[in-house]
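I set out to record the fold, the ligand surroundings and the nonpolar core, in that order. My notes follow.

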Amino acid sequence: MSISTNLAPLHLAGLSVPDFYKELSASLEALVGSESDGLAQLANACALIAQQLPHLNWVGFYLLKGGELVVGPFQGNPACTRIRLGKGVCGTAAVARQPIVVDDVDAFPGHIACDAASKSEFVAPLFLGDAHSADPAARPLVGVLDVDSPLLARFDAEHASGLAGLADILSRRVHWKTLGLDATRAESEI
Ligand code: SME
C-alpha cells in the first residue's frame, strides 16, 4: 500500500482546518480504499483519525447488530459495549440519521459517560450505499463514528463538517458486508 506520503502529522503542518480535512480525507481514502476487509478498514480508520486529530481521547465505531449499537474498532479507553438506538449521543445520532455535535456532554440529556475525561463529542451516522443514491433517506444504517475530546466545544462547525466528510468516505468505502451487520445480513453483494 502506498500511503506513506500522506501520513505525516498534519496538525503540525500549519494547515487551515478545511485544508487539514482535505489532506486527512485523501489519507483516509488511500488507507481504506485498497483494503477489502471491513474490520481492517475500520481499525485503521480510527487509528488514522486518532493519530492526526489533536485533543481526542476516544475515536471509534459503534456498529448496528441485532438492533443495537455494539462497540467496534476504536482508539481510547475501554468503552461501553452496547448502546440502544435512541440512547446517548450515539443512539440519538443513529435514530436522527444526522451528525450531532455536543459542546458539553454534561449538558446533553442521556449522555453515556464511558470516559470521565470526555467533555465534548461528535457522532455521525454511517450508511450503506451511495449518499447520492435515488432515495438517500432509505439508506440502511450500519453504525456511527464517535469522536470524543477532553476539551469543551472541541468540534466547531469546520471540524464537524470535516468529520462528517470522513464519515461519508467510510460509508462509501468500507466493505460493510464483511462485518455481519443488520443492514447487510440479507445482502449477497455490496
Ligand atoms: N458518549 C457516548 C457513548 C460512547 S463513548 O463516548 C465511547 C454516547 O453518549 O452515546
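Entry 1, fold. I looked up the secondary structure of the chain and found 4 helices and 6 strands. I note that the model is a predicted one. Reading along the sequence, I wrote down the pattern α-α-β-β-β-α-β-β-β-α.

Entry 2, burial and contacts. I checked how much of the chain is buried: of its 190 residues, 38% are. I then took the contacts between residues at least 6 apart in sequence, and 57% of them join residues at least 24 apart.

I asked which residues surround the ligand. I found 14, and the closest are Gly88, Val89, Cys90, Ile112 and Cys114. Two elements give two or more residues to this shell, namely helix H3 (88–96) and strand S6 (141–149). Helix H3 gives the most, with 3 residues. By residue class, I recorded 8 nonpolar, 3 polar and 3 charged residues in the shell.

I turned to the largest nonpolar core, which has 49 residues. The members that touch the most others are Ala45, Cys90, Val123, Ala124, Val142, Val144 and Leu145. Strand S1 (residues 58–65) gives the most to this core, with 6 residues. I noted that Cys90 is listed among the closest residues to the ligand and also among the core members with the most partners.

I asked which residues Val123 is in contact with, leaving aside neighbours within four places in sequence. The list comprises Val89, Cys90, Ala93, Pro99, Ile100, Val144, Leu145 and Asp146. Val89 and Cys90 are also among the residues closest to the ligand.

Key. Residues are numbered from 1 along each chain as its sequence is written. This is a predicted model: local features need pLDDT of at least 70, side-chain atom pairs count only at pLDDT 80 or more; totals for chains, interfaces and linings use all residues. A residue is near a molecule or strand if its C-beta atom, placed from the backbone, lies within 6 Å of it. Ala, Val, Leu, Ile, Met, Phe, Trp, Tyr, Cys and Pro count as nonpolar, Asp, Glu, Lys and Arg as charged, and the others, Gly among them, as polar. A nonpolar core is a set of buried Ala, Val, Leu, Ile, Met, Phe, Trp, Tyr and Cys residues joined through C-beta atoms within 7 Å. A residue is buried if 20 or more other C-beta atoms lie within 10 Å of its own, exposed if 12 or fewer, and partly exposed in between; C-beta atoms are placed from the backbone. Two residues are in contact if their C-beta atoms, placed from the backbone, lie within 7 Å.
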